[in-house]
Amino acid sequence: MAITTHPTFCRFCHANCAMLADVDDDRVVAVRGDPDDAKYHGYTCIKGRQLADAHNHETRLLRHLKRTPAGLQPIATTQVFDEIAARLQAIVAQHGPHSVAVYSGTYAFQNSAAMFAGQAFAKGLGTRNYYTSVTLDQPAKVYTTLRMGHWSGGPQPFSTADALLVVGNNAITSHYGPVGGVSPFSPSRSLQDAKARGLKLVVIDPRITDVARHADVHLAVKPGEDVALLSAIINVILSEARFDQAFCQQHVDGLDELREAVRGMTPEIAVARAGVPAEAIVAAARIFADAKRGVASSGTGPEMSGDGTMIEYLLASLNIVCGRFVREGEPASPPRVFTAQAPRHAAVNPPMKLWGEGFPASRFRGLTQLGEEMPCNVLADEILTPGDGQVKALIVIGGNPVVAFPNQDKMVAAMQALDLLVCIDIRESATTRHADYVLAPAMCLERDDITNLSEWWHETPYARYARALVPAPGDTLDEWEMFWELAWRMDVPLRFAGGEADLAVKPDKAAILDLIAAGCLVPPSQVRDDTPDGRAIVYGDLAPVVQPAPADAAARFTLTPDDVVAQLRKRLAQAADSDGGFRLVSRRTKHVFNSSGHQYAALARKGSTNFAHMNPDDMARLGIAD
């Protein structure tokens, strides 16, 4: 048969780069960037360019597996779901619904229905034990800064930024940047173009990263001292009255308390803590504050440090005092197509505390759900500790907890202690070694998907509905179908934003996506019908615009949520670490995505080792060789 070429988009990571895929006899044989896509201009990363290899790789699972005395062995589709459903029902009958947990890992997010289906199944069971990788890498961005209030219109976008302040985010490598930060779409080109139009860039990072090489000011902060450095920057902005005084007067409470909290952290004092020159701190503060537009943001690195929540609080404070939000009459940011819509006003949405009293509680440390998910740092204890509510069964969707979670030995013990471990994964992993069943999923070019993950970074109502380009091989199924199979057998409802999924007749993917995206700008099924060629569409005439504040709008940002100012004072009063100590700083590499990628030849050639990097002077002093 002749090779046919089809537009689609990559789902190796969250950037969803536009691609062309070559298909020969129901087999993906090559992929490349789509030069005709107006947003990506043909860009792809080295990981995405391995999609053909990923689909056809020798390690890929094409059959479901069951643990036997001889190890993991193939099991028929009907039988595997019959057995898992029966075992889950028995566990719930004996131990209650909280004895079952569901974890959505990194790759659950890359399938536009998988994470929602897993969550719906957990809710249908009635378990509080639903987990995602968000609480491993960046919970403060998602949950804790909402304590301060939220600007309805959204943050200022990257394309109009005069200055950016970036903390521990290397988007050129990670293809991740918070809304308003460095664009994850062809990030190197995007940043170079922005610099050419006059963008000023301040980077706070211990290392000279790819992004830091473009910085006008690079503050190589001593690891663990971001709080002191950011406090000094805020001190300069407030003491020199470079903040947006009109915006603060109209919309912000707690400015005096924040000013007093950081008063003692002058640039001169911060030098000893942060290890950067005082004049560089002042220059960074003035660059950011004197710009008219642009946001302060961070990557996952700072949130995976001990001060993650405090760092996000200070970054949110920077954006608030400098008024870095879109105003009345401007395009709302981001517009989003597949996310439920609400009116976008030039006003503050009231502060929200998405945990604590009223939220389902863990058995440990007084922790509760964050929003609708339990924090991952209690999962091992929930499994290992006997008592009412002990987790006996775990379903893992596209994740690898043994590698991803802290305290690897404890996670291995937890996996081994389970009565039932079900993993949904394209190949065997460190976690599937302990699984009772491994379910083989279809891969991205074998299923329909929408760009509901990447739309948080698009500044226009850009949407795609990718169709399955080849049949799913062997016994593989889309992840949402696996939960439907279990729900049908167990009579567990799958409730989405738009209602319940039909358990009498299996729906198609578009119907499930329409239920997930209920209330959105354009339903997925309509996007599918509007784009028969499979390419992107921009619904420019539907782009939301920031409306005037309602007459009764009274909410204001608060810079003093809970006891955060007291915590900040305490943190700033602590002595700096001694120079003899070291901190392990997490980082990303271009050729792997968390624990995925090493198996592909082109990526393995880039390196298959996690190196520890140290300053050569420290190595020499300690007698450590490469």
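Helices (DSSP runs of H or I, at least four residues) and strands (DSSP runs of E, at least two residues) are numbered from the N terminus. The model is predicted, so local features need pLDDT of at least 70 and side-chain atom pairs count only at pLDDT 80 or more, while totals for chains, interfaces and linings use all residues. Residues are numbered from 1 along each chain as its sequence is written, and side-chain values use heavy atoms, with hydrogens and water left out.

View A. Most residues other than glycine have a negative phi. Buried means under 20% relative accessible area, exposed means over 50%, and partly exposed lies in between, with a 1.4 Å probe and protein chains only; H175 counts as buried at 3%, and S186 counts as buried at 12%.

**View B. A cis peptide bond between S333 and P334.** The bond that joins S333 and P334 is cis, with an omega of about -15 degrees, whereas most peptide bonds are trans. P334 is found in the loop between α15 (308-321) and β14 (348-349).

**View C. An edge-to-face pair of Y103 and F405.** Rings of Phe, Tyr and Trp (its six-membered ring) pair if their centres lie within 6.5 Å, and planes under 30 degrees apart count as stacked, over 60 as edge-to-face and the rest as tilted. By this rule the count comes to 13 aromatic pairs. In one of them, the ring centres of Y103 and F405 are 5.2 Å apart and the planes meet at 75 degrees, so the pair is edge-to-face. Because Y103 lies in strand β6 (residues 100-104) and F405 in the loop between α17 (401-404) and α18 (408-417), the pair ties together parts that are 302 residues apart in sequence. Y103 and F405 are both buried.

**View D. A stacked pair of F325 and F557.** The rings of F325 and F557 are 5.3 Å apart, centre to centre, with 20 degrees between the planes. F325 lies in the loop between α15 and β14 and F557 in strand β24 (residues 557-558), so this pair ties together parts that are 232 residues apart in sequence. Both residues, F325 and F557, are buried, and together with W151 and F247 they form one aromatic cluster.
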